[in-house]
Amino acid sequence: MISNFIPGLIMIITSFLLPIIPQYFRHPAMLLSVGLSALSLFNGYGTFLEWDILGLNLILYQSDSLTLPFAIIFHIAAILVIIFSWHSKNLMEHMATLAYAGSAIGALHAGDFFSLFIWWEATALTSVFIVFAGNTNAAKDAAMRYLIIQVSSGVLLLIGACLMLYQTGNHNLAVLDLKTNFGIFIFIAFGIKAAFPLLNGWLQDSYPESSVTGTVALSAFTTKLAIYALARTFPGTDSLIWIGAIMTAFPVFFAVIENDLRRVLSFSLNNQLGFMVVGIGIGTELSLNGTVAHAFVHIIYKALLFMSMGAVLYRAGTTKASELGGLYKYMPFTTIFCIIGAMSISAFPLFSGFVAKSLIMSSLGGMGMVLIYFILFFASAGVLEHSGIKIPYFAFFAHERKNKVKEAPINMLIAMGIAAFLCIAIGVFPKYLYQILPYAVDYQPYTLDHVISQLQLLVFAIIAFLFLVKFKLYPSEIRSTVLNSDWFYRKMLPGIGKPLFKKIGLLTDSLYKNLGLSFKQVLSKSYKFSNLSYIKVTTPSFAGTILISILFIMLVIVLV
Amino acid sequence: MKKNDLKSMGKSFTKYILIIGALLILLDFTFHRHEYFSFAEIYGFPAFFGFVSFVFIVMLGKWLRKFLMRKEGYYDQ
């Protein structure tokens, strides 16, 4: 029976049952559902469930060597999130988190684009409640923007799937290229969720607005699902190499000046996705292994870093670097766990980032791609800057703290402890990670050349930091907003749209007046059309209108 | 807890990092470090690259503040 049950579905069903489960048993029930779903990991490879509907054959459950490592790590991430949120009584967030993780796991096992679309949208609809659960006005606004962007990605995927079916008669997941119009639609759909350059605004906009525990859940699934989808459908697509390289390099500069440490981590997440995208673009067995390995370890250390910042937010009430510092005295365990996460993401030898990133770097070196190689090498120094140094330094050190705070709750420490253990275990024993990668690997990350080279890079980057601090050249943290690509739809489009709408409003007003009617009267109470506050209030829907119009125009162009 | 805890920690951290850095450079002279690209085999190349990259990232980031930084609550206005 279990072999026919879609992995993740049991988690979604459980999430709907949570309201009738007593508070005390909710977390055990959530863990149990993840455990039941994880039984599917032992099913082996093959197609287990298909459904013929409306003349379409939907492959609802299939598994292969690419699915498995992602499925394993998604289950681990779900467990970590549940333990980390054990203290929380926010029912909506628990429901959303469990259903979101379940949807992401379900998506991994979809064998055709229509099934993938359903899960793709399910991850969007469930995760928006996690952003919403941030429970501030900023979080609610961010949730609306997040929803529009995520659903747009799904709509593009659906358009691509329909076009593909129409043109080729096939809708199964397959390797695509960018010479077909449906390929382009699907590529952009995946690109939005993978936070490609200029399509990345939603990530840094929404993740830091979520709750203490919500951000941890968000960081694990959506973007890595997109990486999985790209690895399945666009391996070896040359443009991905450059897209990925830009993704590794650019967020680094934003992370330097960002004040909110959870937003710094969101920029860092974007930079990490870049490494994975480069691996997909190269498209060799080694590089694809590198992408999968990197996604695997990244989920753990990024969750660990977000958990440590979540613990800081929970205890100190903020993650703004300008207001933190000196927490090492009061939160020693959180400090140690955060440093382990920081060393892992910075790819110190014996930590998990090293054994994964090496695969991608080696495949670049082996192909002789000198420029991309050094962009990624440069970005590695950047990772050290924002995640390796800035996060632990400003949160836990920097200067002495006046107000006492408590250490993180025990459940948070357990979750962080497990993640930290995994970071080191994978770093020390990489063969267990390599065993579950899609292709057989005979790779040795710990060569003297490689270790010394990486250590030189990292240690001298740290020396550079000490040098900059010593000579007061390191920029101080300032309470501020750093502009990102979400500026285009949060400021620029409304900036153009507001006067335009106002003019249209005035025009129609005078038209109606001439007809003896006031347009205002027609739409008076609910709309207040010529009142500017209307536009302000509905900026998300305004941006939505623009996005949907663009989608519609693209569709018309393709069909014509 | 003493008041100058952080300062002394910072000092000893700096000392150890500098020692490790010096050792890593010295190690470079004891064996031939194979790299994918021959120019990266120059003594201390990754160290130099790491140092310069870091300073460049921080300085460019600092300069970008002029264009990218707005007041807190900018989007609420």
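**Exercise 1. Which two side chains of chain A meet in a salt bridge at 3.6 Å, N to O?**

Before you dig in: this is a predicted model, so local features need pLDDT of at least 70 and side-chain atom pairs count only at pLDDT 80 or more, while totals for chains, interfaces and linings use all residues. Residues are numbered from 1 along each chain as its sequence is written, chains are lettered from A and ligands numbered from 1 in the order in which they are written, and side-chain values use heavy atoms, with hydrogens and water left out.

*Step 1.* Start with the rule: a salt bridge is a side-chain nitrogen of Lys or Arg within 4 Å of a carboxyl oxygen of Asp or Glu. The pair you want is Lys390(A) and Glu477(A).

*Step 2.* Lys390(A) sits in helix 16 (residues 370–396) of chain A, and Glu477(A) in the loop between helix 19 (448–470) and strand 3 of chain A, so to speak distant parts of the chain, 87 residues apart. Helices (H or I, at least four residues) and strands (E, at least two) are DSSP runs, numbered from the N terminus.

*Step 3.* Check exposure. Buried means under 20% relative accessible area, exposed over 50%, and partly exposed in between (1.4 Å probe, protein chains only). Lys390(A) and Glu477(A) are both buried.

**Exercise 2. Find what Asp64(A) pairs with, and say which parts of chain A the pair ties together.**

*Step 1.* Look for the partner: Asp64(A) meets Arg232(A) in a salt bridge of 2.7 Å, N to O.

*Step 2.* Asp64(A) is in the loop between strand 2 (56–63) and helix 3 (67–84), and Arg232(A) is in helix 10 (residues 222–233), so the pair ties together parts 168 residues apart in sequence.

*Step 3.* Compare the two ends. Asp64(A) is partly exposed at 22% relative accessibility, whereas Arg232(A) is buried at 15%.

**Exercise 3. Trace the salt-bridge network that includes Arg145(A).**

*Step 1.* Begin with one bridge: the side chains of Asp205(A) and Arg145(A) meet at 2.7 Å, N to O. Asp205(A) belongs to helix 8 (residues 201–206) and Arg145(A) to helix 6 (residues 137–168), 60 residues apart.

*Step 2.* Both Asp205(A) and Arg145(A) are buried.

*Step 3.* Now widen the view: Arg145(A), Asp205(A), Asp486(A) and Arg490(A) are linked in a network of salt bridges. Over all chains, the count comes to 12 salt bridges.

**Exercise 4. Work out how chain B meets chain A.**

*Step 1.* Count residues: 55 from chain B and 62 from chain A take part in the contact.

*Step 2.* Get the area. Buried area is the accessible area (1.4 Å probe) that two parts lose on being put together, summed over both. Here it is about 5100 Å², with carbon and sulfur atoms giving 75%.

*Step 3.* Tally the polar side of things: 15 residue pairs are in polar contact, both residues at pLDDT 80 or more. On the chain B side, helix 2 gives the largest share, 20 residues.

*Step 4.* The interface has 2 salt bridges, one of them between Glu72(B) and Lys320(A) at 3.0 Å, N to O.

How values were computed:
Contact means heavy atoms within 4.5 Å. A polar contact is a pair of N or O atoms within 3.5 Å; within protein, one must be able to donate a hydrogen and the other to accept it, and residues adjacent in sequence count only if both atoms are side-chain atoms.
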